[in-house]
Amino acid sequence: MAHYHDFQGASPQQSIRALGHQLEQLRLSKNISQSAVALEAGVSRRTITRMEAGETVSLVTFVRVLKVYD
């Protein structure tokens with residue numbers, strides 16, 4: 001899953017979309033459902049969907065989801 005994204009040359013929105021895509025790929029590689037991630041992170045499934053689609057979420061939510069993936 002080695003995807004390179006040029007965060008220096010990208011707009012913030014492009015970087016957020018790239019991070020969302022990477023989170024989705026990580027979730028899929030671990031064969032975990034969005035619902036399972038949401039439950040463990042203490043957020044809604046819709047939040048996971050939005051995050052993976054590159055929509056903005058709070059930093060607290062982002063960290064909660066990262067902790068699910070270790």
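**Fold, burial and pocket**

Analyst: Ser15 is found in helix H1. Helices (H or I, at least four residues) and strands (E, at least two) are DSSP runs, numbered from the N terminus. This is a predicted model: local features need pLDDT of at least 70, side-chain atom pairs count only at pLDDT 80 or more, and totals for chains, interfaces and linings use all residues. Residues are numbered from 1 along each chain as its sequence is written, and side-chain values use heavy atoms, with hydrogens and water left out.

User: Is Ser15 buried or exposed?

Analyst: Buried means under 20% relative accessible area, exposed over 50%, partly exposed in between (1.4 Å probe, protein chains only). Ser15 has a relative accessible area of 9%, so Ser15 is buried.

User: Which residues does Ser15 touch, not counting residues up to four places away in sequence?

Analyst: Contact means heavy atoms within 4.5 Å. With residues up to four places away in sequence not counted, Ser15 touches His5, Phe7 and Ala10.

User: What is the relative accessible area of Ala10?

Analyst: Ala10 is found in the segment before H1. Ala10 touches His5 and Ser15, again not counting residues up to four places away in sequence. Ala10 is buried, because its relative accessible area is 18%.

User: In what order do the elements of the protein run?

Analyst: The protein has four helices and zero strands. From the N terminus on, the order is α-α-α-α.

User: What radius of gyration does the protein have?

Analyst: The radius of gyration is taken over C-alpha atoms, and the globule rule is 2.2 Å times the number of residues to the power 0.38. For 70 residues, a compact globule would come near 11 Å, which agrees with the protein's 12 Å.

User: Which element gives the most to the lining of the largest pocket?

Analyst: A pocket is an open set of points on a 1 Å grid over the protein atoms alone, where a 1.4 Å probe fits, with protein on both sides within 12 Å along at least five of seven lines; lining residues have an atom within 4 Å of a point. The lining includes Ile16, Leu23, Met51 and Phe62. Helix H1 (12-29) and helix H4 (59-68) each give two or more residues to this lining. With four residues, the element that gives the most is H1.

User: What volume does the largest pocket have?

Analyst: Grid points are joined across faces, edges and corners, and a volume is the space filled by probe spheres set on the points. For the largest pocket, this comes to about 150 Å³.
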